[in-house]
Amino acid sequence: MAGVSVRDVYKSYGSVEVIHGVNVEIGDGEFVVLVGPSGCGKSTLLRMIAGLEEITGGEIGIGSRVVNDLRPKDRDIAMVFQNYALYPHMTVAKNMGFSLKLRRESKDVIDQKVHQAASILGLEELLDRLPKQLSGGQRQRVAMGRAIVRDPQVFLFDEPLSNLDAKLRVQMRTEIKELHQRLKTTTIYVTHDQIEAMTMADKIVVLRDGVVEQIGSPLDLYDRPANLFVAGFIGSPAMNIIEGHMGTDGKPIFVAEEGIELPAPSLPEAMSSRATTFGVRPEHLVLADDGFPAQVQVVEPTGSETQVFMKLGGHDLVGVFRERVRVNPGETLHLTADPSLIHLFDGETGARLHQ
């Protein structure tokens, strides 16, 4: 096993720069997720680590080696793609052992490693089947098994669950996490799904337009987003965002554009007149008789919770309540939130304003 260092890495296609000086340190044995919207550069960065894309500038290290000029097969990594890329004419066992055959390993070694990986992934009874005889989840396990038999220093996953249905995605992300806990191999995982990132990662790297917006543990990003982009991207449903400014009479009150007063943490007096953006997560809103009024638009009961879509002046607001909220569209709910759970951001830069 080995850590991975990405130091001031750039990537350009002609005159178009898509990765802008990325720096990420991944510790030995860490499970790190690269997450961001489509086109943010996460898969490009993963492919540069794998050696499938050339680096325009900077340095990538795996363990003690700088690998900029090494071919993919010499980097001691194994990659699992969105498409399983299994050979249709080969059995599961032959698919899993093919890379070892190319290395000219002995048949005994290949059989031993294939059976060991099959045992880890629950594939022992499927070794003689062809890919067309497998479900999507089973094919993905075979692709993972093909990576495991190589015993690499680093696993790279490029959106491996995108082709699976919702239930199977939940099952497979649990299996991948359990696999990492068992093997303790350094893992870099790319996804656009922030739920996958939150549930699987030891550390998350949030990317936007080829720039790292924030690096931290899942709960660090959830509790203390560095800026509006991270605040809106991490969490489902997304954080409620309202424009306005802090109250000018010294009280820690946020005043929305329509003059509605909302609870807020205190900020230095000098910040009271500047444009400020208020953020509160839907699950942190609570019902309160003396709270601010919001008009109900849509109610979505899910059984374990109730999601209520509302209007606060001209702003959309979503609340997630664990209790059974019995309310109809057009009615008014009165809400509040603990000021310690409120997020305030600079109205111009989007940067977080408080600790």
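Let's start with a charge and a ring: R281 sits over the face of Y222, 4.2 Å from the ring centre. Keep in mind as you look around that this is a predicted model.

Now for rings that meet other rings. A pair of aromatic rings is described by how far apart the centres are and by the angle of the planes. The count here comes to six aromatic pairs. Take Y87 and F98: their centres are 5.1 Å apart and their planes stand at 65 degrees, so this pair is edge-to-face. Y87 belongs to the loop between strand 6 and helix 2, while F98 is in helix 2 itself, so the pair ties together parts eleven residues apart in sequence. Y87 is partly exposed at 35% relative accessibility, and F98 is partly exposed too, at 22%.

Next come F254 and F278, a tilted pair with 5.1 Å from centre to centre and 35 degrees between the planes. F254 is in strand 12 and F278 in strand 14, so parts 24 residues apart in sequence are tied together. Both F254 and F278 are buried. Elsewhere, F31, F155, F157 and Y189 make up one aromatic cluster.

Finally, follow the backbone. D8, in strand 1, has a positive phi near 50 degrees even though it isn't a glycine. With 38% relative accessibility, D8 is partly exposed. R104, another non-glycine residue, has a positive phi near 65 degrees. You'll find R104 in the loop between helix 2 and helix 3, and it is exposed at 76%.

Which form does the peptide bond from S236 to P237 take, cis or trans? It is cis, with omega near -5 degrees. P237 lies in the loop between helix 8 and strand 11.

Note on methods. Residues numbered from 1 in each chain as written. Predicted model: local features only at pLDDT ≥ 70, side-chain atom pairs only at ≥ 80, totals over all residues. Heavy atoms only, no water. Helix = DSSP H or I, 4+ residues; strand = E, 2+ residues; numbered from the N terminus. Buried < 20%, exposed > 50% of the residue type's maximum accessible area, 1.4 Å probe, protein only. Phe/Tyr/Trp six-rings, centres within 6.5 Å; stacked < 30°, edge-to-face > 60°. Lys NZ or Arg CZ within 6 Å of the ring centre and 35° of its normal.
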